[in-house]
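Look at the sequence and the structure below before reading on.

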Amino acid sequence: MLTFMEMLISLITAAGVIVLCPLVKGLVPSSFLNNLLSIYEEYFCTPEITLFFRTDCGLSDNQMYDVASTYLRTKIVDSSKCLNVGKTVRQERPTFDIVPGAELSIPFHIKGLKWKLHVEKGFDGYERLRYFTLSFDKKLKEVVLGSYLAEVISRYKAIQESERVLKLYSRDFVWGTPGREWSSIILEHPTTFEKLAMDPVQKRMLKDDLDKFVNRKEWYKKVGKAWKRGYLLYGPPGTGKSSLIAAMANYLKFDVYDLDLSRISSDSELRRIFLSTSNRSIMVIEDIDCAKLEDREIEIEEMSDQLILQKPKFTLSGLLNFIDGVWSSCGEGQIIVFTTNNKEKLEKLDPALLRPGYMDMHVHMPYLTMDGFKQLVSNYLGIDGDHQLFEVIAGLLENKKVTPAEIAEELLKSEDPNVALRGVVEFLEQK
Ligand SMILES: Nc1ncnc2c1ncn2[C@@H]1O[C@H](COP(=O)(O)OP(=O)(O)OP(=O)(O)O)[C@@H](O)[C@H]1O
């Protein structure tokens with residue numbers, strides 16, 4: 001007795017014979033022949049479907065690329081025969097990564113799903129494009145596009161939540177790489193608000209402001225405002241502006257994007273860059289008063305491959321206006337932090353720059369006060385109470401302009417509190 005499968009195979013084989021044999025072909029009605037052929041195609045020539053997960057998605061970075069990459073890292077050891085193994089000096093254990101071109105076969109329903117990482121290089125040998133492909137039997141189309149991808153995304157979200165590592169994005173390694181606006185490293189800055197030497201009232205106000213901002217998503221929607229907030233941090237070099245940005249990122253668990261305005265050549269480039277940032281992130285534009293946008297020259301690559309110098313069209317205020325517009329129309333929970341060593345210069349440049357909308361809250365980072373000093377002593381020497389040299393130091397600090405960075409440097413010199421604090425006294429006396 002023939003089973004159903006055996007009958008089907010016989011029929012398909014018969015179809016093959018019929019197709020190949022012109023004599024038999026003439027004897028069989030064409031409708032029957034077509035039916036047999038479609039069954040043959042359906043079960044024996046099952047073409048694969050391939051999904052592409054490119055790094056870019058229109059003008060933005062493609063989040064599905066990161067989704068795929070994060071998800072596959074959890075599967076790699078069981079599903080690939082080739083693994084890249086790496087470890088930096090800081091890491092304790094090696095990590096495994098995907099080898100470009102090697103197949104990752106993940107069991108799912110009938111046949112496995114085949115994932116692959118592709119890396120394309122340009123003529124110059126530099127990487128131009130990378131993307132993942134996911135190939136599968138077309139019979140799995142519905143289930144892969146539906147429940148499987150949903151599972152991959154929810155896995156990614158769970159990993160993001162549980163192993164949330166903050167990232168610092170910059171544009172240093174992406175010049176000329178199509179579809180990649182930012183490259184990132186892990187942000188491992190240890191500064192927290194607690195460790196920051198800063199006026200306690202101002203610290204409280206800033207934390208409250210940040211709390212209010214992140215918790216008011218619905219309020220922003222209700223009043224029809226873009227959910228974004230701008231901060232200006234100003235003060236001399238070494239007073240902790242960068243440290244404060246790290247403290248804000250650690251507090252909010254927001255990634256940081258470091259933007260160098262002087263290298264932007266056009267509105268469209270700027271728009272692309274902004275559209276490629278993630279929600280709930282901090283964009284940092286340092287030394288905003290030094291961004292002499294009108295005076296600089298930018299290298300523009302011509303069709304002829306010759307580099308020419310050209311002056312870009314925008315001014316600082318025009319640029320900020322533009323940023324305001326782009327950010328109003330995209331992204332949620334965005335923070336932008338400007339820093340300057342010289343607020344007066346910024347005011348002279350264009351007072352409108354300081355208005356709420358661009359810079360909603362201004363935070364002054366001054367020279368070191370005695371309160372700030374005690375915070376540093378607590379951080380570096382573990383002294384939370386008093387010390388006999390504090391009175392001398394308080395007197396010296398009143399008349400000197402010293403930055404927390406300078407005193408931090410002195411405190412690093414010895415773990416013995418007496419030695420370190422005597423070093424601070426000497427430093428202040430000589431200043
Ligand atoms: N307010 C502060 N509280 C604690 N540490 C500080 C503070 N300010 C400076 N430091 C110490 O000095 C180092 C340099 O400070 P930081 O880079 O944050 O200053 P900055 O104001 O951003 O300087 P610049 O304007 O030159 O970028 C920090 O890594 C930190 O160790």
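Why does Pro404 count as buried? Pro404 counts as buried because it has 25 C-beta neighbours inside 10 Å; the term applies when 20 or more other C-beta atoms lie within 10 Å of a residue's own, with C-beta atoms placed from the backbone, while 12 or fewer means exposed and anything in between partly exposed. This is a predicted model, in which local features need pLDDT of at least 70 and side-chain atom pairs count only at pLDDT 80 or more, while totals for chains, interfaces and linings use all residues. Residues are numbered from 1 along each chain as its sequence is written.

**Pro404 and its contacts**
- Pro404 lies in helix H14, residues 404-411; helices (H or I, at least four residues) and strands (E, at least two) are DSSP runs, numbered from the N terminus.
- Leaving aside residues up to four places away in sequence, Pro404 touches Ala197, Gly238, Thr239, Gly240, Leu368, Gly372 and Leu376; contact means that two C-beta atoms, placed from the backbone, lie within 7 Å.
- Gly372 is 32 residues from Pro404 in sequence, and their C-alpha atoms are 7.7 Å apart.

**Helix H12**
- Helix H12 (residues 370-381) has twelve residues and spans 16 Å from first to last C-alpha, close to the 16 Å expected at 1.5 Å a residue; the expected span is 1.5 Å times one less than the number of residues.
- Its buried residues are Gly372, Phe373, Gln375, Leu376 and Val377, and what covers them includes helix H13 (390-399) and H14.

**Around the ligand**
- The ligand has 15 residues around it, of which Pro237, Gly240, Ser242, Pro404 and Ala405 come nearest; a residue is near if its C-beta atom, placed from the backbone, lies within 6 Å of the molecule.
- H8 and H14 are the elements that give two or more residues to this shell.

**The sheet**
- Seven strands form an open sheet of mixed pairing, in the order E10-E9-E12-E13-E16-E11-E17; two strands pair if DSSP finds at least two bridges between them.
- Strand E10 (183-186) and strand E17 (361-364) are the edge strands, each pairing on one side only.
- Strands E13 (residues 281-285) and E16 (residues 334-340) run parallel and are joined by four bridges; Met283 has Ile336 in E16 as its bridge partner.
- Helix H8 (residues 241-252) packs on the sheet and touches strands E11 (228-234), E12 (255-258), E13 and E16.

Methods:
Axes fitted to C-alpha atoms, helices over the stretch in contact; angles between N-to-C directions.
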